[in-house]
Amino acid sequence: MNENAKARINGILLSIAHKIGLFLAMTVICLPGLWIVLASFRPTVEIMAKPPVWIPQDLSLDAYVAMFSGVGQGGIPVIEYFRNSLIISVTSTAIALAIGMAGGYAFARFRFRAKSSIFLGLMLTRTVPGIALSLPLFFVYSKLGIIDTHFGLIMAYVALNVPFTIWLIDGFFRQVPKDLAEAAQIDGCTRWQAFWQVEFPLAGPGIASAGIFAFLTSWNEFALASQLTRSVNSKTLPVGLLDYTAEFTIDWRGMCALAVIMIIPALVLTFIVQKHLVSGLTSGAVKG
Amino acid sequence: MKGWRPPAPFLLLLPAILVLAAVVIVPLILSLYSSFTPFRLTQPASLYMFVGFRNYARILTDLEFWTAFGRTVLLLTVALNVEMLLGLGLAMLVEKATRGQRLLRTIMMFPMMFSPILVGFQFKFMFNDNIGLVNNALQSLGLTDQAIPWLIDGTLAFTAILIAEVWSSTSVFAILILAGLLAMPKEPIEAARVDGCTPWQTFRYVTWPFIMPFAYIAMTIRSLDVARAYDIVKIMTDGGPAKRTELLWTLVSRTAYADARMGLANAMAYVAILLSILFTVYFYRKLAAARTQIAAEW
């Protein structure tokens, strides 16, 4: 009896410790983001107050209104940056997906020589640090005259996204049993038809999440964009965020509001993909 | 459609190879060439002057470069290890949770959505010596009555950058290790317990070998992207104050764009590229080895 009671108390203590640990971990993860969101609603006076004001007294949407009411008011042309980001990310994602699907299918369904070396080689192109790649790209682009254009940045992002897209899509095609497509071919489909009618729909959700991942990479990229863009013609949001810090007095509230604008699309999209993303990355980890 | 047809996988991989050749390989060859010239953006003619290994020799004796190099390696080593440990802990905490696991997993992914530049800004805001959350909290709690110069003192700034880096990437490890924990069969753990293993032994000899490939996947993914730290440092301190948080990548960008010494910067960039490749190949090898080991044992 005594031992039973001891074990039970031990168990309760452990579960309390577990809950506290979880709570602390989640707080650390969430707090910085929430703090930014909160600050974007507060007046600058309150953000700068000394001693700090912990309980928000006065929340408003002023920062957002100022940001979208044009260059003169909010300091930076957010709408243009947002448009550039959207165009560049969507286009480069679409192209990277098309290329990645072809490549991923090749890796998942065919045997060929030097397969794993080619795979590693593709991955290695991804390891080149953006800033290191930006030096020659800057030079080449300025010779070609495509600095500060959507086209230049789209090309760069396609190349950036293709290796990882191939990795993910390869994993998703491998999860689709080979027999299904073969059965379709026996029933009279061409290989092309079998792909679109059978394998593509089955791998569809996975491919979509690979697309979202590519979108997020382009949406968030900074090192290349900061050198290959010059003006509102092609500047993206991450580069725009830096516009604020260049000035001597930082408009913390405006920056926070811009940060919230940047994070919302990413937030929504990540929620949609989270399940497939993990399964795509780990496919083959166990089966080899 | 007569005559020789190229093999299908070659055709399928062709677009990928073409794009990568055009945007990555060819520019890199160009930059390799220009790393042997004293190329300056302001003097285009200097591109055709060949100086051999002078840039590299210059780097080898450059104290500033080696400081930045050492700091980069230190940052990566500490960050990757801490991320790995915290990610493992976080994954095990979440796996133990009986209720609300879906919600917990979603929250866990939160930092992954932040672009590195945002992470940098966010921590710049929090570590601001005057109005930042960290100092405000410390002062309100009465732990200190002075403003701690987080981003101004060299060591503290390095710590702040490290914290930002760890915050943003721990979730990659946590998510993948959690996937490993969830995919793991339960019988071996039960068998180990029946055989009288302590919890530590069960973890060390049963759980750990199984989730190791997942940890290596996370490592490989992370090492594909280690240079993301550039974005964080760029916005938090921009290598300052007085170059005390200068990393390899910020040094490259400063040499290339502020000093316009492209040739020298390209030579430095090649060292940075080799460093990245080294990290990736190392973890990729580990991943492949762990995979075959698992396949043999399970």
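**View 1. Overall make-up of chain B.** From the N terminus on, the elements of chain B run α-α-α-α-α-α-α-α-α-α-α-α, and the chain holds 12 helices and 0 strands; helices (H or I, at least four residues) and strands (E, at least two) are DSSP runs, numbered from the N terminus. This is a predicted model, in which local features need pLDDT of at least 70 and side-chain atom pairs count only at pLDDT 80 or more, whereas totals for chains, interfaces and linings use all residues. Residues are numbered from 1 along each chain as its sequence is written, while chains are lettered from A and ligands numbered from 1 in the order in which they are written. The C-alpha trace of chain B spans about 80 × 75 × 35 Å along its principal axes. Of its 298 residues, 44% count as buried, a residue being buried if 20 or more other C-beta atoms lie within 10 Å of its own, exposed if 12 or fewer, and partly exposed in between, with C-beta atoms placed from the backbone.

View 2. B:Ser140 belongs to helix H6 (residues 133-140) of chain B. Because 11 other C-beta atoms lie within 10 Å, B:Ser140 is exposed. The C-alpha atoms of B:Ser140 and B:Gly87, which are 53 residues apart along the chain, are separated by 31 Å.

**View 3. Two annotated spans of chain A.** An unreviewed UniProt entry lists several stretches of chain A under "transmembrane region", including residues 119-141 and 194-216; such annotations may be inferred rather than shown by experiment. Residues 119-141 of chain A are 91% helix and 0% strand, with the end C-alpha atoms 28 Å apart. For residues 194-216 of chain A the span is 100% helix and 0% strand, and the end C-alpha atoms lie 31 Å apart.

**View 4. The two domains of chain A.** An automatic or database domain assignment divides chain A into domain 1 (2-60) and domain 2 (67-282). Taken over C-alpha atoms, the centres of domain 1 and domain 2 of chain A are separated by 34 Å.

**View 5. The contact between chains A and B.** In this model, 69 residues of chain A are in contact with 75 residues of chain B, contact meaning that the C-beta atoms of two residues, placed from the backbone, lie within 7 Å. Helix H13 (residues 252-282) of chain A contributes the largest share of the side of chain A that touches chain B, 13 residues.
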